[in-house]
Amino acid sequence: MATTKKRELDLTAFPSGTVTEYTTLVCLACIFDIFTKQLQMAPRTAFSEVKRHTPTVEELTSRATMRPYFDSDEKNPHCPYCGSAKRWLARFDTYCIEGGKTTDAARRTLIRKLPTAGDQFVVVEKKSDSRAVFFEWLDTLGMNVELQDETWLIETTRRYLERREPKTNWAEMFEGARAVRRSSRLTEGWERDGARLFLAPQLYSEAILIQYLVSRSHAHGGLTLEGRLTLMDLLRRLRYSGYLDRIGITETDPGEVFERVVDHLAATHEWANAGSASSAVKGKGVSTGSGSDRGPVSTGSGSDRVKSSSKSKKKPTKTTSKSGKTSPVQPQPDEIVSEPVKLYYLIDRRDFLDKVKSVYAAYA
Ligand SMILES: [Zn+2]
């Protein structure tokens with residue numbers, strides 16, 4: 001008998017934040033009911049159909065579930081639809097792995113080691129983009145931190161840094177850290193001083209931004225290392241810290257600035273590889289694509305984005321005429337475009353197959 005321990009996949013080779021785990025329960029009583037009553041299958045046929053069944057990625061990862069699927073954190077869950085007890089319930093574990101330079105080798109190794117018999121594991125590939133991936137990451141982060149507890153600010157900073165700089169041992173860097181501060185000395189990177197971790201201004205600004213994005217759906221304004229900030233407070237800080245200049249944002253309308261800042265954060269898939277090359281923000285005038293409205297950040301204005309990308313086909317003669325003072329040549333208003341990202345959903349069907357076998361023993 002395999003213990004649950006043994007069943008856990010070893011994901012330690014993946015940088016933090018590149019694998020998202022989802023667990024969904026399926027009620028075998030309900031599913032059998034659906035197959036025999038709604039689809040009018042004979043029990044034996046239903047059994048072999050159920051055995052072959054793999055839910056769709058949406059069914060496995062959605063936060064709103066439908067019969068026969070449901071989520072539960074209880075130790076002894078019951079089916080919310082028919083009340084069936086634990087032995088009727090099977091679990092699907094789904095691991096969504098972001099494709100990319102930092103994960104490709106680890107993913108291939110992991111998949112190569114998995115048992116191949118009987119479809120115990122299924123891999124589904126889906127195309128996505130850096131923006132959707134970013135919001136999903138943000139959403140997951142928001143669900144996994146306890147906003148009541150002050151340590152979430154440090155925790156969020158750590159998760160962000162782990163994602164941005166996966167090669168650093170952040171567990172060690174944060175060991176015993178009780179505060180995160182903006183460094184007035186560093187221009188890049190970070191340093192520990194006693195119980196405090198100092199971040200270069202840009203990293204610090206982004207950490208604040210992430211905190212704002214995670215918490216702002218829960219409270220007026222957002223909670224950050226700088227206290228509770230409204231959108232205006234946040235933008236003021238980003239401006240004074242030089243962050244907006246640094247990433248080339250010259251707009252003044254708050255909504256537009258915020259949109260651009262979020263675009264900037266979301267447009268780069270592998271932050272770690274993004275610093276050097278600006279390849280992530282160049283490209284053709286493709287719209288930033290789908291999925292962008294999900295997550296806690298919906299700024300609700302797809303039009304701004306379109307505007308900002310058309311702007312970068314700049315017509316310098318026109319812009320100078322309006323603002324009486326001649327503005328200096330701006331530091332290349334980036335055209336921000338989401339990068340395509342491939343997602344690999346690794347679906348663990350082992351528990352499901354076991355339960356199907358034991359529950360439907362009579363039909364096997
Ligand atoms: Zn049920």
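User: In the protein chain, where is confidence lowest and where is it highest?

Analyst: This is a predicted model, and its confidence is lowest in helix α14 (residues 302–311), where the mean pLDDT is 33, while it is highest in strand β7 (residues 196–199), at 96.

User: Which stretches have a pLDDT below 50?

Analyst: One of them covers residues 1–5, a stretch that has 1 contact in the model beyond near neighbours in sequence. Another covers residues 274–333, and that stretch has 66 contacts in the model beyond near neighbours in sequence.

User: And what is the mean pLDDT of the protein chain?

Analyst: The mean for the protein chain is 80, and 78% of its residues reach 70 or more.

User: Switching to the metal, which residues are the protein donors of the zinc ion?

Analyst: The zinc ion is held by the SG atoms of Cys27, Cys30, Cys79 and Cys82, which lie 2.2 to 2.3 Å from it. Along the chain, these donors follow the spacing C-x2-C-x48-C-x2-C.

User: What are the angles among the 4 donor atoms there?

Analyst: The angles among the 4 donor atoms run from 107 to 114 degrees, and the site of the zinc ion is tetrahedral. For comparison, the ideal angle for four tetrahedral donors at a metal is 109.5 degrees.

User: Is Cys27 buried or exposed, and what about Cys30?

Analyst: Cys27 has a relative accessible area of 0%, so this residue is buried. Cys30 also counts as buried, because its relative accessibility is 1%, and the cut-off for buried is under 20%.

User: How many residues line the largest pocket, and what is its volume?

Analyst: The largest pocket has a volume of about 1400 Å³ and is lined by 45 residues, of which Glu8, Tyr22, Thr23, Arg91 and Asp93 lie nearest its centre.

User: Which elements give two or more residues to that lining?

Analyst: They are the helices α1 (4–7), α4 (57–61), α6 (130–144) and α16 (350–359), together with the strands β1 (19–27) and β3 (89–98). Strand β1 provides the largest share of the lining, with 7 residues.

User: Zooming out, how many helices and strands are there in the protein chain?

Analyst: The secondary structure of the protein chain comes to 16 helices and 10 strands. The chain has 364 residues, of which 45% count as buried.

User: And among contacts between residues at least 6 apart in sequence, what percentage join residues at least 24 apart?

Analyst: In the protein chain, 69% of those contacts join residues that are at least 24 apart in sequence.

Conventions:
Residues are numbered from 1 along each chain as its sequence is written. This is a predicted model: local features need pLDDT of at least 70, side-chain atom pairs count only at pLDDT 80 or more; totals for chains, interfaces and linings use all residues. Side-chain values use heavy atoms; hydrogens and water are left out. Donors are N, O and S atoms within 2.8 Å of the metal (3.2 Å for Na, K and Ca); water is not among the atoms, so sites may look incomplete. Four donors count as tetrahedral if all angles lie between 85 and 135 degrees; four count as square planar and six as octahedral if opposite donors are over 155 degrees apart and all others between 65 and 115; anything else is irregular. Buried means under 20% relative accessible area, exposed over 50%, partly exposed in between (1.4 Å probe, protein chains only). pLDDT is the predictor's confidence in each residue, from 0 to 100. Helices (H or I, at least four residues) and strands (E, at least two) are DSSP runs, numbered from the N terminus. Contact means heavy atoms within 4.5 Å. On a 1 Å grid over the protein atoms alone, a cavity is a set of points where a 1.4 Å probe fits but cannot get out, and a pocket is an open set with protein on both sides within 12 Å along at least five of seven lines; lining residues have an atom within 4 Å of a point. Grid points are joined across faces, edges and corners, and a volume is the space filled by probe spheres set on the points.
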